[in-house]
Amino acid sequence: MCGIVGYIGDRNTLSVLLNGLTRLEYRGYDSAGVTFIRDGEIQLIKKKGHVSELKAEVARCGFVLDESLVNSIDVGMGHTRWATHGAPSDENSHPHISMDKKICVVHNGIIENYDELRTFLKRKGYKFASETDTEVAAQLIEYYYLQNDKKDFEEAVRATLRDIVGSYALVIVCADYPDRLICAKKDNPIVIGIGENENFVASDIPALIEYTRDVVFMEDNCILIMKKDSIRITDIHGDEISYKPTHIDWDADAAQKGGYAHFMMKEMFEEPKAFEATVNSRIKDGEIFLEHIPMDKDFLSKIKNINFVACGTAYHAGCVGKHLIEKLCRIPTNCCVASEYVYSDPIVDSSTLTIVISQSGETLDTMRAMREASKLGSKTLAIVNVIGSTVAREADYVLYTAAGPEISVASTKAFTTQLACIYLIAFKMAHILGKIDDSQYVEYQEELKAIPSKLTSILNKQSEIQKFASMQFNADSIFFIGRGIDYYLSMEASLKLKELSYIHSEAYPGGELKHGTIALIEEGTLVVSPITQEALASKMESNIKEVKTRGAIVLAIVPEKLNNREFSCDEKFVIPDTDELLTPILGVLPCQLFAYYMAVNKGCDVDKPRNLAKSVTVE
Ligand code: AGP
């Protein structure tokens with residue numbers, strides 16, 4: 001949710017900033033801007049629209065974006081926005097500069113008391129150029145800066161932070177201090193990139209991985225003073241804090257499209273590898289190893305119930321987890337929407353295990369829920385993709401998905417690898433609890449290991465889905481229906497379709513449709529139905545007949561073993577067989593492909609769907 005990048009060093013600063021913003025565009029793409037200090041003056045270029053429009057504007061202003069050119073800029077920072085306060089416009093774009101042009105800021109997060117601070121500043125004579133909460137921060141820092149005889153930039157930032165209520169990643173420059181930038185963080189991510197005689201800050205690693213692999217994940221309530229040849233991190237009182245750099249293993253290519261038309265397509269094609277990387281290293285000699293999680297009889301004997309907590313796609317992975325753990329382990333399990341969790345007065349104590357799922361590890365709703373669970377005495381286990389993210393750092397235990405960077409806003413490989421982690425946990429728990437014997441345990445492990453090649457065989461048949469989508473993309477409304485575990489798969493399929501193609505869609509349990517929603521089925525309505533559970537197949541056939549009678553067109557997704565069975569569907573997509581508990585991992589891929597091709601046919605911006613952002617760091 002908003003992407004920030006800052007740079008100080010000898011490279012062509014504008015090139016570094018715009019390059020970084022392009023890599024962070026998945027976080028927000030309503031508008032973008034850069035600011036820099038040259039000859040003691042703050043200069044600003046910002047534009048409504050995508051980073052490409054900002055690039056054109058920068059070129060129009062006479063700047064050449066060539067990294068080999070000598071830098072004439074002292075320090076610079078940039079921002080790509082996901083609007084919260086104030087519509088997307090040139091004026092509301094970041095960076096925001098103070099009235100006397102001393103201070104300039106970029107911000108990710110929400111300043112909750114901005115109205116009150118704005119009124120205070122207006123009384124002091126400050127005039128505002130935008131409707132944003134962020135501008136308040138720039139003006140307030142300048143106010144404190146000018147008040148102070150010593151003109152102490154750092155102290156002005158500290159004074160402002162004492163007044164601000166809310167969440168922020170703020171990067172700030174001051175015209176009188178062209179040798180540094182200051183950065184403050186609370187509940188929004190900031191990664192510091194350490195180079196040789198150059199340093200970087202960014203909201204996420206892809207913005208700086210091309211330049212350095214040595215990074216520091218900034219902690220909440222810390223302030224960074226970054227110069228070309230030094231970084232200093234302090235707490236809010238100015239006391240220095242030690243830090244430990246982390247070395248990042250991915251190469252820059254992992255965050256590139258690599259010849260695919262969209263990141264989403266590339267990421268779907270990476271699912272077999274990502275799944276394998278998540279699973280294989282954790283299975284050895286018939287045993288599942290969950291690094292750093294002390295899962296044994298003693299650990300499990302203290303757990304009386306389990307809560308999955310997550311948002312969006314990750315929530316759907318949690319729903320599959322609930323199904324799985326209840327079925328295999330017979331431990332009462334819930335899956336909670338993270339944004340509701342804190343306000344639902346959850347019944348949680350030390351006998352609850354809370355499993356938090358998040359690709360980014362920075363989703364504020366999820367973070368808040370995790371903190372609440374922890375406050376109530378629950379142990380927290382996080383399934384996270386981004387190494388070093390806040391959720392990963394704050395949870396009691398972490399299991400990383402090895403999906404690599406997921407850039408497309410629509411989550412694909414993150415979902416399948418989240419499922420991989422959930423299956424590993426569930427199988428291990430069931431074995432420890434004696435609910436499955438050794439041979440069943442090993443059989444499940446073998447099924448998991450066989451998944452990557454089955455995912456590949458689905459990808460090899462993607463043209464079938466492409467063809468179907470090319471005939472259906474004008475649909476007004478699409479229903480996904482499924483029973484049991486297929487209902488959770490339907491929920492994820494429906495979300496993917498809506499977010500990418502903007503077609504209205506709903507997911508329903510197959511048997512629930514007739515209790516009201518069937519009124520919406522009419523001639524030509526498209527219904528997609530995963531049918532992967534043999535015992536539920538005849539019930540699903542009845543549900544398909546109900547919608548067919550009312551004119552629906554039906555696509556069924558079935559495993560090979562049900563391929564010979566008669567269904568009243570119009571089209572069928574066949575997925576490889578696997579154990580029935582594991583079918584969501586295979587069933588979701590054709591649904592992702594379907595959503596992708598529907599969006600492409602409609603001319604939608606696949607990697608950057610409207611109104612969305614990859615990492616949602618507001619409540
Ligand atoms: C998925 O396609 C979404 N864009 C969204 O639902 C996402 O899964 C959700 O916002 C949670 O994000 P997280 O996994 O980073 O916490």
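The model is predicted. The shell around the ligand holds 14 residues.

**Ligand contacts**
- Ser358, Gln359, Ser360, Thr363 and Glu499 come nearest to the ligand.
- Glu499 places a polar side-chain atom 2.4 Å from a ligand oxygen.
- An N or O atom in the side chain of Ser358 is 2.6 Å from an oxygen atom of the ligand.
- Thr313 contributes through its backbone: a polar atom there is 3.2 Å from a ligand oxygen.
- On its own, the ligand exposes 410 Å², and the protein buries 91% of that.

**Make-up of the ligand shell**
- Helix 9 (312–329) and helix 16 (485–501) are the elements that each give two or more residues to the shell.
- By residue class, the shell has 7 polar, 5 nonpolar and 2 charged members.

- Strands in a sheet pair through backbone hydrogen bonds, in either a parallel or an antiparallel sense.
- The partner of strand 5 is strand 6 (residues 103–111), and the two pair in the antiparallel sense over 2 bridges.
- Within this pair, Ile97 stands opposite Cys104 of strand 6.

Note on methods
Residues numbered from 1 in each chain as written. Predicted model: local features only at pLDDT ≥ 70, side-chain atom pairs only at ≥ 80, totals over all residues. Heavy atoms only, no water. Near = heavy atom within 4 Å. Polar contact = N/O pair within 3.5 Å; in protein donor to acceptor, adjacent residues only side chain to side chain. Areas by Shrake-Rupley, 256 points an atom, 1.4 Å probe, with all protein chains shown as cover. Helix = DSSP H or I, 4+ residues; strand = E, 2+ residues; numbered from the N terminus. Nonpolar A, V, L, I, M, F, W, Y, C, P; charged D, E, K, R; others polar. Pairing = 2+ DSSP bridges.
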